[in-house]
Amino acid sequence: MIVDLYFGSCRVTVDAGSGLIAKLRRDFSWFSTQRVPSQRRVGVTAVLQPPDWSEVRGWYFFTHFNGRVYGWGDRRWVRYSDSLVAYDAAANQGRVASLDDERLYHYTYYLIIALVGIELDALDFHRFHALGVAVEGRTALFSMPITGGKTTLGLALMQDPAVELYSEDTPLIDRRGFVHPFAVRLSLREGHAAAIPVQFLRKKNDPVSGRTILLDLEYHGLDRIAEAPEGNALVFWSVKSRQPRPSVRALPSWRSLALLLYQIVVGKDCPQRAEVILRLSPGGIRMIRSEEQTSELQ
């Protein structure tokens, strides 16, 4: 079974079993409704079968989230205990194999996210690990450490019908500093889902963070996605603290700029960034694309 997902002018074609496709349609429901001309295309195949370990080639680089990374240049393999993720950046093709349907779903989802991130980078749309919302035309970005409370804050803010969502995890920033939507399903802790109708929820066994609850965007409504790009965003840099009460204070502009470079250029906390980006060959180092793209993310 095949589904096309449209991330602006980047089209991702996923070939997988019907059960996995159904899950991905719910994850990327906002992107499955888009139909725009495609400048860049990515193909992802997912198969429920034992990995063929003999296809792994190249050098061992490092271990990331329990996956041993092998390869050279544009070819890359990430070998997990019972799953294999392989992709060819030159061909824009990725493949996932696993006998465990939960692992197959998990690695396919994050392979899509990672490969789309590369293509959007080439189009000058860069992911920012933050909660992004809009209130009556004014945009706010809340950068928080992992488990720092982005989802909790997002759910609280979305109770106000005046609030629109850019992304609960990684809104996009273009070269002008404008914020664009990158809205996918939300990942909750079990205690946060108690008051939400079950038809919008799914359980997921995450090999990294354990058991989580997935919340469909339809719970708040796809019409609550902030589609219009906005500039002059307010940026809040959050840190965990032992203070009895929260506080807000201004940050020097130079420090905020340094944090933005770390988050957006380096891609801190963007899924699978190291496995995808690090290609140690003259033809594989494509961190900066020379060609200018004129397309816009819609």
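This is a predicted model: local features need pLDDT of at least 70, side-chain atom pairs count only at pLDDT 80 or more; totals for chains, interfaces and linings use all residues.

Colleague: What makes N92 partly exposed, rather than buried or exposed?

Modeller: Its relative accessible area is 21%. Buried means under 20% and exposed means over 50%, with partly exposed in between, so N92 counts as partly exposed.

Colleague: And what is there to say about the phi of N92?

Modeller: N92 isn't a glycine, yet its phi is positive, at about 55 degrees. D124 is another non-glycine with a positive phi, about 70 degrees in its case. You'll find D124 in the loop between helix 3 and strand 9 (125-127).

Colleague: On to the rings. How many aromatic pairs does a search of the whole structure find?

Modeller: Twelve aromatic pairs turn up. Take F28 and Y109: their ring centres are 5.2 Å apart and their planes sit at 20 degrees.

Colleague: Why is the pair of F28 and Y109 called stacked?

Modeller: Two checks. Centres have to lie within 6.5 Å for rings to pair, and planes under 30 degrees apart count as stacked. With 5.2 Å and 20 degrees, F28 and Y109 meet both, so the pair is stacked.

Colleague: Why do you say that this pair ties together parts that are apart in sequence?

Modeller: Because F28 lies in the loop between helix 1 (18-27) and helix 2 (29-32), while Y109 is in helix 3 (residues 101-122); the parts it ties together are 81 residues apart in sequence. F28 and Y109 are both buried, and they belong to a cluster linked by ring pairs, along with F7, W30, F31, Y110 and F182.

Colleague: How do you know that R185 lies over the face of Y109?

Modeller: R185 is at 4.0 Å from the ring centre of Y109, and the distance cut-off for a charge over a ring is within 6 Å. Likewise, the charged end of R176 sits over the ring of F178, 4.2 Å from its centre.

Colleague: Last one: what lines the second largest pocket?

Modeller: Its lining divides into 14 nonpolar, eight polar and five charged residues, around about 1,000 Å³ of space. Of the 27 lining residues, the closest to the centre are F236, W237, S238, V239 and S247. Helix 5 (253-265) is one of the elements that supply at least two residues, and helix 5 gives the most, with five.

Technical notes:
Residues are numbered from 1 along each chain as its sequence is written. Side-chain values use heavy atoms; hydrogens and water are left out. On a 1 Å grid over the protein atoms alone, a cavity is a set of points where a 1.4 Å probe fits but cannot get out, and a pocket is an open set with protein on both sides within 12 Å along at least five of seven lines; lining residues have an atom within 4 Å of a point. Grid points are joined across faces, edges and corners, and a volume is the space filled by probe spheres set on the points. Helices (H or I, at least four residues) and strands (E, at least two) are DSSP runs, numbered from the N terminus. Ala, Val, Leu, Ile, Met, Phe, Trp, Tyr, Cys and Pro count as nonpolar, Asp, Glu, Lys and Arg as charged, and the others, Gly among them, as polar. Rings of Phe, Tyr and Trp (its six-membered ring) pair if their centres lie within 6.5 Å; planes under 30 degrees apart count as stacked, over 60 as edge-to-face and the rest as tilted. Buried means under 20% relative accessible area, exposed over 50%, partly exposed in between (1.4 Å probe, protein chains only). A charge sits over a ring if NZ of Lys or CZ of Arg is within 6 Å of the ring centre and within 35 degrees of the ring normal.
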